[in-house]
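This briefing covers charged side chains and how they pair. Please read it alongside the sequence and the 3D view.

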Amino acid sequence: MGVVSEVRHHFGVVASSVSDPLYVIFPLFHVTEVYDIRRCNFRYLKLYPRAREDFVEYLIKIDQLDEAAAQLVTLVNEDMPVSDKGKTVHQLWAELCELISKNPKKVHSLDVNVIMRQGIQKYSDQVGVLWCSFAEYYIRAGQFERARDIYEEAMISVKTVRDFTQIFDAYAAFEERNTAARMDNLAEPPDEEDELELEWLFARFEHLMARRPLLLNSVLLRQNPHNVHEWLNRVTLYEGQPEKIDSCRAVYDRILDLRIATPQVVINYAMFLEEHDYYEYAFKAYERGVALFKWPQVFDIWNLYLTKFVKRYVSYR
């Protein structure tokens, strides 16, 4: 007796063809008979692989989500332009990622890290959504620090403002919800430890919001590393921070490395260093500018360099 005939006979199904729709068989299995479901239907799928999507739907219906996700992985890996039910690989990927991200405690046999990163690399138009789904998986699993790591990695890797905005907004909403939930659960009256934890949560949220302009600037520079306007904007952003000198120097040096500086940028860099008593570094900035430009563009740099150098040297003596 064949596999399908054996299954049909065991469960009292009367059918004449192996090509009968699989939904005829799936509902006959009781939810408690998980082992039989998997054994019989896996054998059936070997004969009728086109029924895999029906199998996935049935597994989701009976809450066997780990197996449903595994079967979706199989469908995705077949890499067919369109499935038998008219779904693209992109749509199947979206279903897989949603199933994983919303059910971390029920989908446990797959390497979530590998699957989500494959999707992020493969579908450039859905990068923001996929990163958010990746973080959501860890949020629902209660692994908040891991979720933060994912959000942070996403923000420094995406290359479009749209993706960045999706990720940043989701990150901020998560921190806001987390803080609000902690406030709701505070003891009355709150003890010192609770107050310190709440202060830390508020500080973390405020720090995230304060970083937004610089993070967005980084996205724009990843899009176009030769965007002089955004490099100068980055200098302005750093000037408002305690570590501004080293940060601004790094930005100006990068502008010079990319050879996108104008003579005025070189002069601004040197004057910025002089204002903070970094005279030797200022002279080096002038020298880099002299090497970067030809006559007549180099005239103002040369003129200022010689004037500043002589003034500094004479006053020093």
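A salt bridge is a side-chain nitrogen of Lys or Arg within 4 Å of a carboxyl oxygen of Asp or Glu. By this rule the count comes to 16 salt bridges. The model is predicted: local features need pLDDT of at least 70, side-chain atom pairs count only at pLDDT 80 or more, and totals for chains, interfaces and linings use all residues. Residues are numbered from 1 along each chain as its sequence is written, and side-chain values use heavy atoms, with hydrogens and water left out.

**Lys87 and Glu95**
- A salt bridge joins the side chains of Lys87 and Glu95 at 2.7 Å, N to O.
- Lys87 has a relative accessible area of 22% and is partly exposed; here buried means under 20%, exposed over 50% and partly exposed in between (1.4 Å probe, protein chains only).
- Glu95 is also partly exposed, at 28%.

**Glu175 and Arg148**
- The closest N and O atoms of the salt bridge between Glu175 and Arg148 are 2.6 Å apart.
- Glu175 lies in helix α9 (residues 161-184) and Arg148 in helix α8 (residues 144-155), so the pair ties together parts 27 residues apart in sequence; helices are DSSP runs (H or I, at least four residues), numbered from the N terminus.
- Both Glu175 and Arg148 are buried.
- A network of salt bridges links Glu145, Arg148, Glu175 and Arg204.

**Asp257 and Arg288**
- The side chains of Asp257 and Arg288 form a salt bridge (2.7 Å, N to O).
- This pair links distant parts of the chain, with Asp257 in helix α12 (residues 244-257) and Arg288 in helix α14 (residues 279-292), 31 residues apart.
- Asp257 is partly exposed at 47%, and Arg288 is partly exposed at 33%.

How values were computed:
Helix = DSSP H or I, 4+ residues; strand = E, 2+ residues; numbered from the N terminus.
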